[in-house]
Amino acid sequence: MKKWIVFAALVLGLSVLTSGGVRPEGVAAYMVCDDGECVHEYVAGQALALYPEIAHDWWQTIMDGAGHEDLDDHVWDIGWPCTTNTHFWDADDPDLNNPSDGSVSCTSPNAWQKAHVLWGMALGEYHSGDIATAYEYLGHVAHLLADMSVPSHAHEDPHPSADAYEDWMTRDVAALSQAELDWLVGAGPVEIPDGVPKLDWLFYTTNQVGDFYASDDDDGDSDDPLGWAAGFLSALESNPASNVAECRSEDGFELGDCNLNVVRGYSYLHAIRAEAALLELFEEERKQQADLAVVIDRIQQLQGHGATDDPDYYVKVRIGDQWFRNEGNQWETDYTPIEPGWAFAWNVGLTGTTPVWIELWDSDPDTESADDHSDIYTDPDGEERSLWLTVDLEKCRAGEAGAVFGDMVGTCGTQLTSAGDDEDRSQIWFRILAPNTPPAADAGPDQTVDEADLVTLNGSFTDPDVDDTHTVLWHLESSIGANCVDVLDAATETLSFTPIDDCVYTFSFTVTDNHGAEGSDTVVVTVENVPPVASIDSLTDETGAEIGVDVPVALVGLEVDLAGSFTDVGTLDTHTGDCLSTGCAEISWGDGNTDTDADFDAFSDCMYGVTGTLNATHIYADPGSYTITLNVTDDDAGVGTATAQIEVVDAAGAIAEVVESLTPLADDPKIQAAIDKLQGEQDGRASNGALDKLEQGNPNAALEKIKQALGYLEAAEAANPSLDLTYDKGLLALAAKSVAVGAIEEAEAVAFKPNDLLKIQQAKDLVAQGDALLAAHDYVGAVDKDQQAVRKVQNIR
């Protein structure tokens, strides 16, 4: 059968025409470093900063590619002055393949068409392993996309000498203010909706934003034949700051009535966001590697091409419905084989069949002569010079023999070769690389845990390509909180760590197959604060006896010592200072009084896993049953609470408790004698005990009775060494002190004479001496001092 020369009818419009022998001046949009104004490179750099997921090693390569697009035409090898004619496109034209007439005397394929070719070349190079060239080509695509935001390029308005907006947009004018940078960060890359061809959508919508404004020779418009740009255009039309009549009229534009900052503020900033979206799209596609790729490994001339036998080889490749060519990468050789490694890729799906056609050409620099079509296929009829192949995609992905058929039969991934049999013939070696199905990663469900809990993340993945091998990686993407753990990457499916404070972690789980395709998923771990655990460890009286354990009650007017402790699994939490920020500890004594950690006798925080401790004292003014509450608050507002009950009595109540405690031992006559001194003889019927004296208002006589009772108790202990009445004796001594303290307080309330004030001070000194004797377990001596203190103040009225 006869093959048609496909590119002759190709809608890409491959010819470059000049008229009348006139050499036109070149055209450009935003300038590049070669012009002395690095605008395109700057735009690419800002887009990379807005989407910083591409490795920094390739940033300069992409920016260089954005600058080189004005200099090098890798696709059609269109020379100066028409090189940049491929940077125009009128997206309002129903025929998206309509040739570009951006220059006065140049006609060429348009920017949308060229972007498709370069996009496939970038994906192909990445698929084949040439990452540097892939990102260079991506920079070229970024340049073309930025040009779509320039009104003259969106209108296909030729401007061989000058354009008001382009001339004005120098590198200094392009520089972003801090406010613009902040806005861009907030806005992020343009979001490409689902259900549209994403590359086409980006170019079309960016072109329509540029088309909204006028150029020197064309009015701006809001035409939107595909309906993809409605959101952008309605926003521009409804905003008076962007919809400025002088900037939408060619007259206002050309006469200088338009403030060009209006165009810059909307179209230029949109270009940066669109480029960032382009970078994001490329990263998504190159990670998936879901494209069918053709790699030209080797070419050798077999029979001379022209008089010199030095062909300048390039190829035209069709994958699915997309044609590629790389005439700008032509490679001159003789009969020495070359290994160009040219690669092209396009997404054709994963099932069914798709055409793959390969043509080899010898570029002829003589514009009057057509390029030579090199024969790379042995055709019995002698008419076919190209390779027409079909690929069964499912067999291709499975690596089955016969997946490639047509002019030859082969297997995807293996090197195939074909040679021509006619004049101007060559041999070509190539590979067809299967579209890969990237693995699907599953990072597991989001988790909510307590601080100090062991967190275990279990990643999993699936891959329909059962023969693929995989590597996995857990990576901490972000952590929000004051004391988040720095979790290191883990190349395992399971990752464990222990958070020490409340924090929100976001982890990515990425699976990479042996083709380099990636699948990734994220999981959020929310670590919640755990309140501290507080404890009231003991309440002790002034003798050191534990209230509620050793003795049943505390005394009015005497100190109660609270010893507490607390722990916190959040080892970096603090618990002192401000309850609303750094945490605090508080004791509510139950009588309306509250002390904070600043008031405590001692306080030690519990950071770094150490148990916190605290000590505080309190004096109750009235008898009663009280609930003591200890609250320990951490710096995350978590509260740990502990409570304790305390019974507070006056001296009479304390004596009654001692009588009750001694009654079971009353068979001992000495103890019975002590009881008689406390409650009165004849089981209290005689009104001659300490309780009676207190009721009669005779504290001095009451303390005398207490001393006598203590003497009998000590005699009982001496007679029976197994008998320990320490706590009873201590409680009696404290009852005596409570009486003395109460008497001093009554005297202080009325005293004003110097002599009376002196007596009060002397009484306090006597009580202090009694404390020292009590500490030495001289209970009788202590009560005697308290009795002397009572006597000092008893006549102060």
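The model is predicted, so local features need pLDDT of at least 70 and side-chain atom pairs count only at pLDDT 80 or more, while totals for chains, interfaces and linings use all residues. Residues are numbered from 1 along each chain as its sequence is written, and side-chain values use heavy atoms, with hydrogens and water left out. Helices (H or I, at least four residues) and strands (E, at least two) are DSSP runs, numbered from the N terminus.

**Helices H20 and H21**

- The axes of H20 (residues 754-775) and H21 (residues 779-793) come within 8 Å and cross at roughly 175°; axes are lines fitted to C-alpha atoms, for helices over the stretch in contact, and angles run from 0 to 180 degrees between N-to-C directions.
- That makes H20 roughly antiparallel to H21 (angles over 145 degrees).
- Residues in contact (heavy atoms within 4.5 Å) include Leu766, Leu773 and Leu774 in H20, and Tyr779, Ala782 and Val793 in H21.
- By class, this contact has 10 nonpolar, 5 polar and 4 charged residues; Ala, Val, Leu, Ile, Met, Phe, Trp, Tyr, Cys and Pro count as nonpolar, Asp, Glu, Lys and Arg as charged, and the others, Gly among them, as polar.

**Two loop residues with positive phi**

- Histidine 777 lies in the loop between H20 and H21, and its phi is near 65°, a positive value in a residue other than glycine.
- Histidine 777 is exposed, with a relative accessible area of 51% (exposed means over 50%, buried under 20%, with a 1.4 Å probe and protein chains only).
- Glutamine 682, in the loop between H16 (669-679) and H17 (690-695), has a phi near 55°.
- Glutamine 682 is exposed too, at 52% relative accessible area.

**The second largest pocket**

- This pocket holds about 740 Å³ of space, the volume being what is filled by probe spheres set on the grid points, which are joined across faces, edges and corners.
- On a 1 Å grid over the protein atoms alone, a pocket is an open set of points where a 1.4 Å probe fits, with protein on both sides within 12 Å along at least five of seven lines; lining residues have an atom within 4 Å of a point.
- Of the 26 lining residues, Glu53, Lys287, Thr510, Glu518 and Ser520 are the closest to the centre.
- H13 gives the largest share of the lining, 6 residues.
- The lining divides into 9 nonpolar, 9 polar and 8 charged residues.

**Valine 455**

- Valine 455 is found in strand E16 (residues 455-458) and counts as buried, at 0% relative accessibility.
- Its C-alpha atom is separated by 5.9 Å from that of threonine 498, 43 residues apart along the chain.

Methods:
Angles under 35 degrees count as roughly parallel, over 145 as roughly antiparallel, 65 to 115 as roughly perpendicular and the rest as oblique.
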